[in-house]
Amino acid sequence: MAKFAFSIIKEPKTGYQSHHPGSSEHCFNCSKFNREESGCTGEKMKELSKRPRLPNGDIKVHPVAYCRFWEAEK
């Protein structure tokens, strides 16, 4: 059976990574996730991230990604 390896690259200041294996903490269930545009509304992400921005100023994120500023939905 073939094994596949992939690397998870973290953004240094935010800890953003496009996949967060083995955890239930993902962007899609974070209180700062904008579901309509798949964006992050978090102030720390907006301040520190070098990721692309959406037209409304939010940071473009993947729904199953993660960052160190993750907060559970309320």
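The following legends describe close-up views of one predicted protein model.

Residues are numbered from 1 along each chain as its sequence is written, and side-chain values use heavy atoms, with hydrogens and water left out. Because the model is predicted, local features need pLDDT of at least 70 and side-chain atom pairs count only at pLDDT 80 or more, whereas totals for chains, interfaces and linings use all residues.

**View 1. The protein chain and its secondary structure.** The protein chain contains 1 helix and 3 strands, and along the sequence these follow the pattern β-β-α-β. Helices (H or I, at least four residues) and strands (E, at least two) are DSSP runs, numbered from the N terminus. Of the 74 residues, 36% count as buried; buried means under 20% relative accessible area, exposed over 50%, and partly exposed in between, for a 1.4 Å probe and protein chains only. Among contacts (heavy atoms within 4.5 Å) with a separation of 6 or more, 56% come from residues 24 or more positions apart.

**View 2. The open sheet.** Three strands form an open sheet in the order E1-E2-E3, with antiparallel pairing. E1 and E3 stand at the edges, each with a single partner strand, so one side of each has no neighbour in the sheet. Two strands pair if DSSP finds at least two bridges between them; E2 and E3 pair in the antiparallel sense over 2 bridges. Gly39 has Lys60 of E3 as its bridge partner.

**View 3. Ser38 in the loop between two strands.** Ser38 is found in the loop between strand E1 (33–34) and strand E2 (39–40). Its relative accessible area is 13%, so Ser38 is buried. Phi of Ser38 is near 55 degrees, a positive value in a residue other than glycine. A polar atom of the Ser38 side chain lies 2.7 Å from the backbone oxygen of Val61. Leaving aside residues up to four places away in sequence, Ser38 touches Phe33, Leu54, Ile59, Lys60, Val61, His62 and Pro63.

View 4. Ser49 lies in the loop between helix H1 (43–48) and strand E3 (59–60). Ser49 counts as buried because its relative accessibility is 7%. The side chains of Ser49 and Glu11 are joined by a polar contact of 3.0 Å. Such a contact is a pair of N or O atoms within 3.5 Å; within protein, one must be able to donate a hydrogen and the other to accept it, and residues adjacent in sequence count only if both atoms are side-chain atoms. The Ser49 side chain also reaches the backbone nitrogen of Arg51 at 3.0 Å. Apart from residues up to four places away in sequence, Ser49 touches Glu11, Thr14, Lys44 and Ile59.

**View 5. The lining of the largest cavity.** A cavity is a set of points, on a 1 Å grid over the protein atoms alone, where a 1.4 Å probe fits but cannot get out. The largest cavity has a volume of about 100 Å³. It is lined by 13 residues, of which Cys27, Cys30, Lys32, Cys40 and Cys67 are the closest to its centre; lining residues have an atom within 4 Å of a point.

Key: On a 1 Å grid over the protein atoms alone, a cavity is a set of points where a 1.4 Å probe fits but cannot get out, and a pocket is an open set with protein on both sides within 12 Å along at least five of seven lines; lining residues have an atom within 4 Å of a point. Grid points are joined across faces, edges and corners, and a volume is the space filled by probe spheres set on the points.
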